Amino acid sequence: MPPFSTNRKHILPGFGLSMGYTVFYLSAIVIVPLATIVIGTFRMDPQAFIGTVTAPRVLASCRLSLTTALLAALCDSVFGFLAAWTLVRYRFPGRKILDALVDIPFALPTAVAGICFATLYSPVGWIGQLLAAKGIQLINTPTGIVIALIFIGFPFVVRTLQPVLSELEPEIEESARSLGATRWQTFRRVLFPHLFPSLLTGATLSFARGIGEYGSVIFIAGNLPYKTEIAPLMIMSKLDQFDYDGASAVAFMLLIASFTMLLMLNAVQRWQEKASH
Amino acid sequence: MSIDIRNITKRFPGYTALAGISLKVGTGELVALLGPSGCGKTTLLRIIAGLETADAGSIILEDRDTTNLPAREKKVGFVFQHYALFRRLNVFENVAFGLNVLPRSSRPRKKEIRERVLHLLGLVQMEWSIDRYPSQLSGGQRQRVALARALAVNPKVLLLDEPFSALDAKVRLELRRWLRKLHDEIHVTSIFVTHDQEEALELADRIVVINKGRIEQQGTPQEVYDHPANTFVYNFLGNVNVFHGRIRDGKVMVGGHHIEAQEKLNGHEEKTGQAFIRPHEIGVSRIRSSDNDMPGIIRDIRLMGSQIGLELESAGFEHPIEVEIPRETWSNLGLDRGDEVFITLDKVKVFTGDYEI
Amino acid sequence: MPTPVTQEQRNIQKTGKNDPIPVQVLLILLTFAFFASFVFMPLALVFSQALGKGWQLYIDSIREPFAIAALKLTLLTAAIVVPLNAVFGVAAAWAVSKFSFRGKTLLVSLLDLPFAVSPVIAGLIFVLLLGSRTPFGSWLGEHGIRIIFSTPGIVIATLFVTFPFVARELIPLMESQGREEEEAAVTLGAKGWQMFRIVTLPNIRWGLLYGMILCMARSIGEFGAVSVVSGHIRGMTNTVPLHVEILYSEYNYTASFAVASILVFLAIFTIVAKALLEHQIQQRQPAQADLT
């Protein structure tokens with residue numbers, strides 16, 4: 001039996017039409033194009049493939065993308081947790097505006113974010129000159145990349161934590177407190193474990209996004225080979241040299257990384273759902 | 001318009017919702033499908049409306065086989081449990097919907113549509129609400145609009161899925177009397193689904209008791225209530241005391257007492273059986289009026305409005321006996337907790353060999 | 001009518017108030033500090049740079065022919081992409097939310113696939129599929145059709161990256177609305193199109209609009225994917241974000257930030273629209289609220 005079919009007759013109209021169109025459009029825009037990368041990679045000479053992805057410059061760029069994305073996801077966990085906690089639990093002037101602004105990184109084109117951070121942290125920029133006075137330079141360094149990725153990723157953490165935080169029952173806290181736990185103990189042993197799965201989800205989303213991020217990073221990164229050249233840029237420069245095989249080999253590795261992450265996320269969520277039932 | 005349901009079967013993964021149901025509904029009848037939740041009654045209703053397909057069997061509406069017609073062509077009015085009013089349309093547009101979607105050739109003119117909608121809203125006493133949106137109406141009002149909407153297209157058959165279950169007790173009672181009156185006025189063949197025996201008894205011309213996808217019994221409310229065909233029906237239609245006992249020589253032996261059965265019990269061999277009696281069929285008095293009366297002690301008294309519920313303990317009975325007496329009898333006898341009384345059990349209904357409840 | 005206090009709001013009031021005031025103040029200040037450095041400052045910087053050399057230069061930078069051409073191309077792309085993805089989103093949401101079929105979970109996760117793909121890779125796949133060095137691309141080239149490094153390529157890459165927005169917005173909304181209203185419409189004799197137009201579409205209009213706004217914002221702002229498939233030809237295949245990049249790399253900061261300010265307005269419009277529409281979408285819920 002073909003997939004997406006059923007032996008039950010459908011009562012409401014339009015199943016065939018809407019399903020047919022959905023499958024067709026999904027295949028044309030997403031499935032077939034993505035499949036070209038996989039097929040292309042498998043048609044490559046295995047040695048050439050291994051040669052490409054183990055070239056020191058490629059390895060360095062992948063390592064850089066993974067480590068900066070990971071660091072940024074960790075920072076986002078802290079900042080995102082802080083923001084979600086404050087926005088949900090406390091009432092203060094400007095709260096609604098801050099809440100709306102959480103989505104700015106989603107809504108602002110990445111190129112704009114990129115030039116903003118590059119300018120802010122340049123030695124003559126608003127923040128850069130303060131740092132330069134202390135002899136610190138962030139532009140053209142991995143730290144600069146992390147800063148841009150923190151910006152890109154923090155809404156993921158805030159938006160996954162907020163609903164869980166607001167559904168938290170006060171009784172949980174009250175009962176912990178009535179059993180003699182201090183505030184800190186209540187937080188550490190009761191609240192935090194409850195919030196942790198969502199925090200992990202948000203951080204993973206932020207991590208996955210960070211690995212593939214391009215627009216907001218390239219301006220602040222400086223793109224020095226072996227130092228601040230991220231993996232998506234590696235693909236870009238291979239394309240510029242018409243090295244299509246090389247580009248798709250790197251892309252393949254990156255796709256594997258992202259999908260593994262999302263599959264793991266799925267597994268974690270399923271496990272979590274089972275545990276809570 | 002008569003409905004002839006023939007051998008309808010429906011299976012869902014893991015269970016059988018309907019196991020070959022056959023049922024005839026006469027023109028103008030108001031029939032209740034009564035059963036516990038999950039018994040298949042709503043599925044049957046949805047199959048008649050074309051909102052679900054049957055695995056086998058057929059539905060004949062007035063000599064025409066409509067089993068495989070799409071819902072759109074069945075011309076069946078369906079009133080949903082949660083009303084399913086179109087939330088973005090106002091009351092007028094909701095009721096006019098069925099007329100407005102008719103093909104241009106058979107669609108009435110604007111003025112006629114308006115007249116018909118106003119007439120129907122008058123019928124359900126909702127003329128005042130034409131500009132309101134569903135969210136501005138109470139549950140009972142929504143239900144009446146839903147009914148007007150279903151009637152607008154002159155359905156041959158009206159199907160109502162748990163029409164009162166989402167309403168609070170007082171509105172439910174009001175609306176159910178009103179629906180009975182409405183049915184007496186317009187006489188459209190109607191089937192409604194309910195799990196509330198009181199509702200079925202009060203409203204329906206005929207009750208069809210369904211359990212586990214099968215019809216247990218059908219008949220007028222009187223028949224079904226007074227002569228339940230089996231233990232399930234007895235149990236489902238109202239409160240009941242069940243005694244396990246032995247049957248010998250046409251009598252039931254429960255806890256060392258001989259109890260007369262309602263009907264003659266055939267056969268002389270000894271059998272195990274169950275004796276059923278409704279709480280209000282049990283007599284209670286201060287003095288023993290016959291040899292069969294049993295002594296009992298009042299353990300609890302519940303005020304239930306016009307009736308008084310007593311919980312009696314009697315030697316030889318495992319469970320307390322539930323009795324209901326009119327409030328007047330109660331105050332005349334001056335009964336109190338701990339009092340000793342005599343219990344008359346003379347209308348028990350006995351079922352043998354069948355322990356299924 | 002006074003808005004009833006939800007259980008959720010009550011929870012917040014109770015829990016939040018229990019925290020010691022100094023902790024609250026500290027956390028609120030920290031949050032503001034984070035927003036100041038990561039949100040306020042970048043946004044303020046755009047306008048300070050764009051207007052740093054006066055209004056005249058700002059307006060000139062925006063009205064310059066290449067900027068206008070880029071804006072036109074961007075709007076053209078959005079005008080093609082948004083309706084296509086909206087129609088798809090409605091179709092997908094209809095199939096997924098109103099019917100049960102095998103493979104539904106798989107289909108829903110495939111719909112989200114483009115969000116998991118780096119924008120650069122999104123561009124790359126179309127170069128690999130349709131570029132002039134591929135069999136299909138060269139066949140197209142022989143027939144005078146050019147996709148990569150030209151407008152169709154930009155449109156297709158943008159279709160890919162904005163693919164899930166509308167469907168994602170509509171599926172949960174339509175699932176929560178159930179099938180009953182449509183079933184009622186069908187029993188009242190409505191044909192498929194009548195049911196959709198009179199019953200379904202009004203019920204989903206705000207969610208649909210919101211999904212389309214998200215789709216539009218992303219299609220206007222997309223940089224990575226478009227950067228791969230665009231030939232970066234000024235006045236021809238440059239979109240607004242690409243134009244910002246070019247101006248910036250030419251050290252023409254004022255012009256770059258001036259053009260970027262258009263995109264900032266877009267972002268602000270998007271989050272304001274979200275705030276307004278979220279309210280509209282939630283308002284429909286009370287219609288079913290008193291059922292329990």
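## Ground rules

Contact here means heavy atoms within 4.5 Å. This is a predicted model, where local features need pLDDT of at least 70 and side-chain atom pairs count only at pLDDT 80 or more, while totals for chains, interfaces and linings use all residues. Side-chain values use heavy atoms, with hydrogens and water left out, residues are numbered from 1 along each chain as its sequence is written, and chains are lettered from A in the order in which they are written.

## Around A:Ile220

Let's start inside chain A. A:Ile220 sits in helix α11 (residues 215-221) of chain A; helices are DSSP runs of H or I, at least four residues, numbered from the N terminus. A:Ile220 counts as buried because its relative accessibility is 0% (buried means under 20% relative accessible area, 1.4 Å probe, protein chains only).

Beyond its neighbours within four places in sequence, A:Ile220 is in contact with residues including A:Phe117, A:Tyr121, A:Ile139 and A:Ala148. A:Ile147 is 73 residues away from A:Ile220 in sequence, yet their C-alpha atoms are 9.1 Å apart.

## Where C meets A

Now for the interface: 89 residues of chain C touch 88 residues of chain A. About 8100 Å² is buried between chain C and chain A, with carbon and sulfur atoms giving 79%; buried area is the accessible area (1.4 Å probe) that two parts lose on being put together, summed over both.

The rule finds 1 salt bridge across this interface (a side-chain nitrogen of Lys or Arg within 4 Å of a carboxyl oxygen of Asp or Glu). That's C:Lys274 with A:Asp103, whose closest N and O atoms are 2.6 Å apart. On the side of chain C that touches chain A, helix α2 (residues 21-51) of chain C gives the most, with 21 residues.

Definitions and conventions: Helices (H or I, at least four residues) and strands (E, at least two) are DSSP runs, numbered from the N terminus. Buried means under 20% relative accessible area, exposed over 50%, partly exposed in between (1.4 Å probe, protein chains only).
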